[in-house]
Amino acid sequence: MFKVFRTCPPLTRCLSHRAQPSAVYLDPQMLNDPAIATTPQNLDSNQRHVLDSAIRVDQAGEVAANWIYKGQFCVLRQDPITGPLIQDMWDQEKKHLQVMDKLQSQHRVRPTVLSEVAKLAGFSLGALTALMGKEAAMACTEAVETVIGEHYDDQLRQLDHLPADHLSIQLLKAVVKEFRDDELEHLNVAVDNHSHRAPAHALLSSAVGAGCKVAIELCKRI
């Protein structure tokens, strides 16, 4: 399912057993593996910018996602169907954030200065849409994950310009693909749970999606 990194036996064993690529960042036995302990040293300025901005915006996005789900869960946790769905997606986002924090440290990327803004904006968006009803909460998830899925696809094309012979870059691309698929799964969960029934669905989706796109561009830069 995932590319096997033949020059790194521990990582090869992990991926050949169909483990998720991100699992290596959460495995104490892998701490000294070159794929998670080193960063490329031969990048030119453009390549370094691609790597820095990719990790910076992805880490910020996971911060925001955690707070969106936290806001939704605070409002809808008593709902017997929607509450557990939000909890499951939130748990996955918590894992994403753990991994992105480790990637940020590994590649020595400074976090965005907008981290606290991302928390406040995320929680507010999650809570407000949940207060509008569970369908609106699902519409929020649908809109956010649509933009994030497209963002990850664009990012993967940009990462193709980095040296593919460095294990950390191979692993980073595999992690981005994994997280993209997770986010698209969240999108499908939202649609399956009647996101389109939200009041003013088209307007809500457009507003949330536009806000996400602006946030992505800002976090890439600052």
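Predicted model: local features only at pLDDT ≥ 70, side-chain atom pairs only at ≥ 80, totals over all residues.

Student: Which residues have the most contacts inside the largest nonpolar core?

Tutor: In soluble globular proteins, nonpolar side chains tend to be buried together. In this model, the largest nonpolar core has 42 residues, and those with the most contacts inside it are Tyr25, Leu51, Leu103, Val144, Leu159, Leu171 and Val175. Two or more residues each come from helices H2 (34-37), H3 (45-76), H4 (82-106), H6 (134-159), H7 (167-192) and H8 (201-221). H6 gives the most to this core, with 10 residues.

Student: What does Leu103 touch, not counting residues up to four places away in sequence?

Tutor: Leu103 touches Tyr25, Ile55, Leu172 and Val175. There is also a second, separate core of 11 residues, which includes Tyr69, Phe73, Ala130 and Met138.

Student: What volume does the largest pocket have?

Tutor: Rolling a probe the size of a water molecule over the atoms shows where empty space is left. Here the largest pocket has a volume of about 570 Å³. Its lining comprises 31 residues, of which Gly61, Ala64, Ile68, Cys212 and Ala215 are the closest to the centre. The elements that give two or more residues to this lining are H3, helix H5 (115-131), H6 and H8. H3 gives the most, with nine residues.

Student: How do the residues of that lining divide into nonpolar, polar and charged?

Tutor: The lining of the largest pocket has 21 nonpolar residues, five polar and five charged.

Student: How is the span of H5 checked against its number of residues?

Tutor: One compares the expected span, 1.5 Å times one less than the number of residues, with the distance between the end C-alpha atoms. The 17 residues of H5 should span 24 Å, and its end C-alpha atoms are 24 Å apart, which agrees. For H4, the 25 residues should span 36 Å, and the end C-alpha atoms are likewise 36 Å apart. Just after H4, Arg108 takes a positive phi of about 55°, while just after H5, Gly133 takes a positive phi of about 125°.

Student: Which residues of H5 are buried, and what do they pack against?

Tutor: The buried residues of H5 are Ser115, Ala118, Gly122, Gly126, Ala127, Thr129 and Ala130. They pack against H3, H6 and H8.

Student: Is Ser205 buried or exposed?

Tutor: Ser205, in helix H8, has a relative accessible area of 17%. Buried means under 20%, so Ser205 is buried. Leaving aside its neighbours within four places in sequence, Ser205 is in contact with Ala139 and Ala143.

Technical notes: Residues numbered from 1 in each chain as written. Heavy atoms only, no water. Core = buried A, V, L, I, M, F, W, Y, C linked by side-chain atoms within 4.5 Å. Buried < 20%, exposed > 50% of the residue type's maximum accessible area, 1.4 Å probe, protein only. Helix = DSSP H or I, 4+ residues; strand = E, 2+ residues; numbered from the N terminus. Contact = heavy atoms within 4.5 Å. 1 Å grid on protein atoms, 1.4 Å probe; cavity = no way out; pocket = protein on both sides within 12 Å on 5 of 7 lines; lining within 4 Å. Points joined across faces, edges and corners; volume = space filled by probe spheres on them. Nonpolar A, V, L, I, M, F, W, Y, C, P; charged D, E, K, R; others polar.
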